[in-house]
Amino acid sequence: MPTPRTAHSCPRSTCPPNWLKTTGVKLPPRPAQPFKDRNFARGYYREMVRTRVLEERLIKMVRTGDGFFWIGGPGEEAFSTALGKLVKKGQGLAYDYLHLHYRSNGILVAMGEPLVPFVRQMKNVASDPYSGGRNFSSHLAKKEWNVVPITSTIETQFAVAPGTARAQRRAKLRGQDAGITVVVGGDAGTAEGDFASCLIWASRPGEELPILMIVTNNGYGISTPGTTQHGERFIADRAKAFGIETNVVDGNVPEKVYPALESAMEFVRSTGKPYLLEVTCSRLYGHSSSSGANFATDEVCCVDTFGKRLIKQNWLTEEESKKIFEEAHAEAAAALDAVRQETWPEASTVLDHTFAAGDVRGGLPGRDF
Ligand SMILES: Cc1ncc(C[n+]2csc(CCOP(=O)(O)OP(=O)(O)O)c2C)c(N)n1
Ligand SMILES: [Mg+2]
């Protein structure tokens with residue numbers, strides 16, 4: 001895991017003239033000094049625990065035949081909880097758009113999503129709200145919260161995200177309220193051309209986009225260590241050549257990653273310009289179920305270390321922490337009990353929500369089924 005360093009900046013041109021003008025939609029209230037607020041810190045810990053327990057339940061589902069494949073975000077809870085809490089949640093240009101990665105479950109959990117939909121997608125039942133029982137686990141999509149469908153092809157989201165950011169910029173220039181676009185992806189994916197396309201589209205002089213690019217750097221692309229792939233010390237440094245403001249932060253520490261994310265989002269909101277935040281984090285159960293999904297004992301566990309810090313400063317007792325885990329386990333177990341009664345999608349719906357139309361037996365012209 002690379003060592004974080006402090007922020008630097010290299011802003012270039014001026015804001016669009018109407019950028020700071022806002023209308024109706026307000027951000028949710030947040031404490032001025034979040035980690036001096038006991039209730040905030042305890043609530044943050046609770047969301048991290050719920051996410052971890054959810055992920056461990058999803059892994060168990062694969063092992064016990066209730067699912068086929070797991071991929072997810074254990075080790076990213078400190079970061080994902082921060083993003084879920086800071087996002088301007090809603091539908092349409094006035095709210096933030098989220099173009100996420102397959103390790104993003106904790107972001108939706110912190111936004112207020114119950115655990116049951118994640119379990120539905122893992123079980124591939126028809127009621128799965130993200131893909132109707134058709135996609136891998138952790139491939140989320142939620143129109144009401146501007147969560148754009150997650151793709152299995154890595155980095156695709158970085159090519160798509162400038163589209164929503166551009167629409168938001170145009171809304172602002174028309175004098176309407178607009179949120180920002182947030183795009184999240186892994187470190188290895190930044191080798192794809194989509195990442196470079198995003199840097200270019202985000203920073204065109206005089207056409208800068210309100211986009212926060214986040215790289216979650218866990219040090220690996222499946223089994224390949226990042227140290228064997230990149231000559232630069234920090235991925236974030238690549239953005240400097242484009243005049244994009246950057247920062248690198250330790251994503252295992254809520255007290256560091258939350259304020260770093262808050263100021264990055266604030267920068268994009270107030271200037272309409274892009275920002276690249278590199279978040280170093282752990283990958284606690286390996287890449288996916290394909291690599292065994294066993295616990296990595298040599299990496300920092302942010303849930304464990306944050307819980308211990310809260311106990312040490314007398315903001316939480318061992319018993320309270322145990323109770324938070326028990327409640328999360330009960331919620332996840334109840335979700336699975338409910339979903340086990342549900343059915344898979346009908347074969348006849350396989351082409352719903354695709355571009356194919358009509359009777360496609362034998363294939364469509366130009367489409368090879
Ligand atoms: C376009 C594309 N190329 C290759 C793959 C195979 N693949 C799946 S995950 C992965 C590694 C991604 O690593 P990183 O971007 O660091 O994200 P992480 O899984 O570590 O969060 C690769 C190469 C893919 N899904 N899509
Ligand atoms: Mg990685």
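Helices (H or I, at least four residues) and strands (E, at least two) are DSSP runs, numbered from the N terminus. The model is predicted, local features need pLDDT of at least 70, side-chain atom pairs count only at pLDDT 80 or more, and totals for chains, interfaces and linings use all residues. Residues are numbered from 1 along each chain as its sequence is written, while chains are lettered from A and ligands numbered from 1 in the order in which they are written.

**Exercise 1.** Locate Ser-288 among the helices and strands, and determine which residues Ser-288 touches beyond four places in sequence.

*Solution.* Ser-288 lies in the loop that runs between β8 (275-280) and α8 (302-312). With 19 other C-beta atoms within 10 Å, Ser-288 is partly exposed, a class that falls between buried (20 or more other C-beta atoms within 10 Å of the residue's own) and exposed (12 or fewer), with C-beta atoms placed from the backbone. Two residues are in contact if these C-beta atoms lie within 7 Å, and, leaving aside residues up to four places away in sequence, Ser-288 touches Phe-69, Trp-70, Ile-71 and Ala-293. Ile-71 is 217 residues from Ser-288 in sequence, yet the two C-alpha atoms are 4.5 Å apart in space.

**Exercise 2.** Describe the surroundings of strand β3 (residues 181-186), including its pairing with β1 and β4.

*Solution.* Begin with burial: 6 of the 6 residues of β3 are buried. In a regular strand the side chains alternate between the two faces of the sheet. On one side of β3 stand Thr-181, Val-183 and Gly-185, on the other Val-182, Val-184 and Gly-186, and all of them are buried.

Next comes pairing, which requires that DSSP find at least two bridges between two strands. Strand β1 (residues 97-99) pairs with β3 in the parallel sense over 3 bridges, and His-99 stands opposite Val-183. Strand β4 (residues 211-217) also runs parallel to β3, joined by 6 bridges, and Val-215 in β4 is the bridge partner of Gly-185. From β3 the chain passes through helix α6 (residues 193-202) to β4 in a right-handed β-α-β crossover, meaning that, with the strands pointing away from the viewer, the path from the first strand over the helix to the second runs clockwise.
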